[in-house]
Amino acid sequence: SDADYLITDVTSMSVYNGLARLGEYAAVNIVNLYSLVTPKMSFRKSDDELNVLDNDKMILKVAAESDMILLCWGSVGDTNSRVAKRIMHILDMLKNEKEKMHVLTYGDKEGLHPLVPQMRTTLWKLKKIDFDSYYESYNYAKEKTVKSAISGLPLQRSISRSLTRLF
């Protein structure tokens, strides 16, 4: 991966802190949807500029070596069809690791991103997902996002939030 392991962004710091508060994990491996780490993601760049091929290999390697996979990309795939396509690619890659997958929850909300304000200060709750249901609901969300992007209409958030996104 091209992600600089010496530079910690706010999201990574939130993940370290959130998992440290649980006191159950001795190590954390963080991989991103895109290998380019920037203060603000710019989609003016091509996919090749945002992501190197080795990043997918690194995601697979780290997933295989990990006891648990925390999917926490939040709702970005609901509003960005390019990201939704990337998320579906990652889910397709990780199907063999589906028993390890969890999401962040807060109250009745699931699939949260670590930078959601409540996630920064509360004790995290991790919920194991039913991968097949999650995959189907996310694939449905992706289709709605793509149709919304094509029509120019805002995405309706009528999709069940019980099975949501990743990191």
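What pattern does the chain follow when it is read along the sequence? The chain follows the pattern α-α-α-β-α-α-β-β-α-β-α, with seven helices and four strands, where helices (H or I, at least four residues) and strands (E, at least two) are DSSP runs numbered from the N terminus. This is a predicted model, in which local features need pLDDT of at least 70 and side-chain atom pairs count only at pLDDT 80 or more, while totals for chains, interfaces and linings use all residues. Residues are numbered from 1 along each chain as its sequence is written, and side-chain values use heavy atoms, with hydrogens and water left out.

Buried residues make up 41% of the 167 residues in the chain; here buried means under 20% relative accessible area, exposed means over 50%, and partly exposed lies in between (1.4 Å probe, protein chains only). Among contacts between residues at least 6 apart in sequence, 72% join residues at least 24 apart, contact being defined as heavy atoms within 4.5 Å.

Two packed helices are described by the angle between their axes and the distance between the axes. Helix α3 (residues 53-65) and helix α5 (residues 81-93) pack at an angle of about 45 degrees, and their axes are 10 Å apart; the axes are lines fitted to C-alpha atoms, for helices over the stretch in contact, and angles run from 0 to 180 degrees between N-to-C directions. The two helices α3 and α5 are therefore oblique to each other, since angles under 35 degrees count as roughly parallel, over 145 as roughly antiparallel, 65 to 115 as roughly perpendicular and the rest as oblique. The crossing in which α3 passes α5 is right-handed, a crossing being left-handed if the near helix is turned anticlockwise from the far one by less than a right angle, and right-handed if clockwise.

On the α3 side, Asn55, Asp56, Ile59 and Leu60 meet Arg86, His89, Ile90 and Met93 of α5. By class, this contact of α3 with α5 has four nonpolar, two polar and two charged residues, where Ala, Val, Leu, Ile, Met, Phe, Trp, Tyr, Cys and Pro count as nonpolar, Asp, Glu, Lys and Arg as charged, and the others, Gly among them, as polar.

At 1.5 Å a residue, its 13 residues should span 18 Å, and the end C-alpha atoms of α5 are 18 Å apart, which agrees; the expected span is 1.5 Å times one less than the number of residues. The buried residues of α5 are Val83, Ala84, Arg86, Ile87, Met88, Ile90, Leu91 and Met93.

Which residues does Val83 touch, not counting residues up to four places away in sequence? Val83, which counts as buried at 2% relative accessibility, touches Leu33, Tyr34, Phe43, Val76 and Gly77. Arg82, also found in helix α5, counts as partly exposed because its relative accessibility is 24%. Leaving aside neighbours within four places in sequence, Arg82 is in contact with Tyr34, Phe43, Lys45, Ser46, Asp47 and Leu50, and the C-alpha atoms of Arg82 and Phe43, 39 residues apart along the chain, are separated by 8.6 Å.

Tyr34, in the loop between α1 and α2, counts as buried at 6% relative accessibility. Beyond its neighbours within four places in sequence, Tyr34 has contacts that include Arg82, Val83 and Arg86, as well as Asn55.

Not counting residues up to four places away in sequence, Ser14 touches Pro114, Leu115, Arg120 and Trp124.
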